[in-house]
Number of protein chains: 2
Amino acid sequence: MGEEKSEFLKGTLDMLILKVVALGPIHGYAIAQRIQQISRDFFQLQQGSLYPALHRLEDRGWLKADWKTTETGRDAKFYGLTPKGRKQLEAEVENWGKLTDAVALILRTAE
Amino acid sequence: MGEEKSEFLKGTLDMLILKVVALGPIHGYAIAQRIQQISRDFFQLQQGSLYPALHRLEDRGWLKADWKTTETGRDAKFYGLTPKGRKQLEAEVENWGKLTDAVALILRTAE
DNA sequence: GGAATATAGGTAGAACTTCTAGGTGTTCCA
DNA sequence: TGGAACACCTAGAAGTTCTACCTATATTCC
């Protein structure tokens, strides 16, 4: 009943992943950590959301992955943005701005 | 290919409906029109999204409906906010603020 | 040495929302 | 009288995200 509930990503997950990847090559596990850190723990990205999302973005040609070795000697898939992915990120950011503007218009309405 | 695509509500639909209903008793068809008008056509709420959402909100005890007659002499279900619905709206607005703040933190990050 | 924890990858299936595409009937106006 | 706008609705598909699992390796602590 009174339990804490995990936060919904509300359709922003793809954009957030693209943005974090745009900062430089990074592997999946670190993407989740970064999103959580930067958002000050608001987003707690579960692996069951993360990996399907990464595969989806790769399938669409927005991300490209290479197996490399991390600093700590582990095998990990490093993701990078494709040119298509960069355009997609721009489009999503623009649309996010329009969406939040539209929501703000409605939330500000008073009778 | 180059066609216009309908806009996603990205999980905001419930909040938007609750907000519009909070402005005063209103029937479903008019809710969709208002959301579209106030958002300057950004949101184009389809009936197949609208009515299931209204029933969902009513089932959860956030909305209450009464059949009445419109000014133009038609039967319509007028929706109003329950006390529970008002609390839910406040909670959703608060969470929306936190969500957009968290997204903004990530989008503003530069390497 | 052995156990626990953190790191790193993943899948399966359910739950939920939203969309597409239909359907019914009424009132108004040309 | 016939079409557009109004007003209600459902079914089924598509898509995302969640819960709950799984594997394996490196590090740290007892």
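The entries below go from the chain contact to the DNA, then to single chains and residues.

**Ground rules.** I am reading a predicted model, where local features need pLDDT of at least 70, side-chain atom pairs count only at pLDDT 80 or more, and totals for chains, interfaces and linings use all residues. Residues are numbered from 1 along each chain as its sequence is written, while chains are lettered from A and ligands numbered from 1 in the order in which they are written.

**Entry 1: the chain contact.** I looked up where chain A meets chain B. The contact draws 25 residues from chain A and 25 residues from chain B; two residues are in contact if their C-beta atoms, placed from the backbone, lie within 7 Å. On the chain A side, α1 (13-22), α2 (28-38) and α4 (83-108) each give at least two residues. Helices here are DSSP runs of H or I with at least four residues, strands are runs of E with at least two, and both are numbered from the N terminus. α4(A) has the largest share of that side, nine residues. I then sorted the side of chain A that touches chain B by class: 14 nonpolar, six polar and five charged residues. Ala, Val, Leu, Ile, Met, Phe, Trp, Tyr, Cys and Pro count as nonpolar, Asp, Glu, Lys and Arg as charged, and the others, Gly among them, as polar.

**Entry 2: symmetry.** How is chain A superposed on chain B? A rotation of 180° with 0.0 Å of shift along its axis does it, with an RMSD of 0.0 Å. The two copies are thus related as by a two-fold rotation axis. In chain A, A:K10 comes closest to the rotation axis, its C-alpha at 2.6 Å. I also compared the two sides: 100% of the interface residues of chain A are interface residues in chain B too, so the copies meet through the same surface.

**Entry 3: DNA strand C.** I found 30 residues around DNA strand C, and the closest are A:H27, A:G28, A:Y29, A:A76 and B:G48. A residue is near the strand if its C-beta atom, placed from the backbone, lies within 6 Å of it. α2, α3 (47-59) and β3 (75-81) of chain A, and α3 (47-59) of chain B, each supply at least two residues of this surface. Its residues divide into eleven nonpolar, 15 polar and four charged.

**Entry 4: the sheet of chain B.** Three strands form an open antiparallel sheet in the order β1-β3-β2. Two strands pair if DSSP finds at least two bridges between them. The edges are β1 (26-27) and β2 (63-69), each pairing on one side only. Seven bridges join β2(B) to β3(B). B:K68 has B:A76 of β3(B) as its bridge partner.

**Entry 5: single residues.** I checked B:R40, in the loop between α2 and α3 of chain B. B:R40 is not a glycine, yet its phi is positive, about 50°. B:R40 is exposed, with 11 other C-beta atoms within 10 Å. A:L105, in α4 of chain A, is partly exposed with 16 C-beta neighbours inside 10 Å. A:L105 touches B:I38, B:S39 and B:R40, not counting residues up to four places away in sequence.

Definitions and conventions. Least-squares fit on C-alpha atoms with pLDDT ≥ 70 in both. Buried ≥ 20, exposed ≤ 12 C-beta atoms within 10 Å, placed from the backbone.
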